[in-house]
Amino acid sequence: SSALVLAVDQGTYGRLARVSLGSLEVEFLGQQDGYLSGPSLDRNRGQMLFLRQNGAIPQQLCIQKGRKGKPKVLTRFNRKFEQRKRFDSESIHWTAADGTPLDGIFMRPEGEGPFPTLMWIHGGPAEHINRTFSPYFQSFVSKGWAVFAPNYRGSTGRSSAFLRANVGDLCGEDVNDILSGLESLISQGEVKTDQIACMGWSYGG
């Protein structure tokens, strides 16, 4: 009864946060290295269940005993995936032409770039891309394609102002956000300019 534990989206990451009800002080639990969600607390036993995943590891159920305890993985739902080569995602950052800071994820196949690249555009627009496991991305990257998935203005996981930034301007500056991220990757030698594909869902389509 002295604190709340919340699942919080921070850009491309998902974290668990403990918020003191007295001081409103926020303490983040665990490292910012993937996506944590679904906390369920047992106060009597002093332990917490939660879900953990990242770009290379499918979702797992974990238990943590005590605030400083080391999480233990309880489930293995994806043993066939564990036997395959998997590719991790990385968070990338760039700046739009008007100075707006942006983020997204990038996944590289094996070998040296530049790579054929798939731009994956999320729907919503009030959704966002994060460091979760995607069978779609794994499939493309295993065949030699890089995947670029941007969080354009109008995405969640940021401030309310960022969420509302494309109201009245759909397919305007949010499209330029995506293209500026692509240009940034091209300038870094990551993208093969004559092999770029685009795929999206709902608004992203």
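L21 is partly exposed, at a relative accessible area of 45%. Here buried means under 20%, exposed over 50%, and partly exposed in between, with a 1.4 Å probe and protein chains only. L21 sits in the loop between β2 (13–20) and β3 (26–29).

Leaving aside residues up to four places away in sequence, L21 touches S1, S2, A3 and L4. A contact means heavy atoms within 4.5 Å. S1 and L21 are 20 residues apart in sequence, and their C-alpha atoms are 8.1 Å apart.

## Basis of the model

This is a predicted model, where local features need pLDDT of at least 70, side-chain atom pairs count only at pLDDT 80 or more, and totals for chains, interfaces and linings use all residues. Residues are numbered from 1 along each chain as its sequence is written, and side-chain values use heavy atoms, with hydrogens and water left out.

## Overall build

The protein has 4 helices and 12 strands. These are DSSP runs: helices are H or I with at least four residues, strands E with at least two, numbered from the N terminus. The C-alpha trace spans about 60 × 45 × 30 Å along its principal axes.

Of the 205 residues, 42% are buried. Among contacts with a separation of 6 or more, 54% join residues 24 or more positions apart.

## Charge

The protein carries 23 positive and 20 negative side chains. Lys and Arg count as positive, Asp and Glu as negative; His and the chain ends are not counted. The centres of the two sets lie 14 Å apart, with each charge placed at NZ of Lys, CZ of Arg, CG of Asp or CD of Glu.
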